[in-house]
Amino acid sequence: MRQRKTYRILTFHTTTEAMAMEKSAIKHQIPGRLIPIPTEITAGCGLAWRMPTEEYPLYEDKIRELGLSYDKAVELMI
């Protein structure tokens, strides 16, 4: 059985925002990956960025500096 972990989930209004996050994250080595929205969350486009909770504070300013927009950031055990 897979052990559940806590992640920071960033949701997006549009698929374009989600794809921009993925492209910039790869380029700037921001940890995480694009995932389908977990069922516990409702959001606009159906995609979310998942990253380790402990990594989010280290990259939060970088994400904003890059002009990447997201709807909300929530912690979720998945």
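1. The largest nonpolar core has 13 residues, and Leu10, Phe12, Met21, Ile30, Trp49, Ile63 and Tyr70 touch the most other members. A nonpolar core is a set of buried Ala, Val, Leu, Ile, Met, Phe, Trp, Tyr and Cys residues joined through side-chain atoms within 4.5 Å. Buried means under 20% relative accessible area, exposed over 50%, partly exposed in between (1.4 Å probe, protein chains only).

2. This is a predicted model: local features need pLDDT of at least 70, side-chain atom pairs count only at pLDDT 80 or more, and totals for chains, interfaces and linings use all residues. Residues are numbered from 1 along each chain as its sequence is written, and side-chain values use heavy atoms, leaving out hydrogens and water.

3. H1 gives the largest share, 3 residues. Helices (H or I, at least four residues) and strands (E, at least two) are DSSP runs, numbered from the N terminus.

4. Which residues does Met21 touch, not counting those up to four places away in sequence? They are Leu10, Phe12, Ile30, Trp49, Ile63 and Leu68. Contact means heavy atoms within 4.5 Å. Another core, of 8 residues, lies apart; Ile37, Ala48, Leu76 and Ile78 are among them.

5. In H1, Glu17, Ala18, Met21, Ser24 and Ala25 are buried. Seen down the axis of H1, they fall within an arc of 135° (directions from the helix axis to the C-beta atoms), so they line one face. Their cover includes strands S1 (6-11), S2 (33-36) and S3 (47-52), and helix H2 (56-65). On the other side, Thr16, Lys23, Ile26 and Lys27 are exposed.
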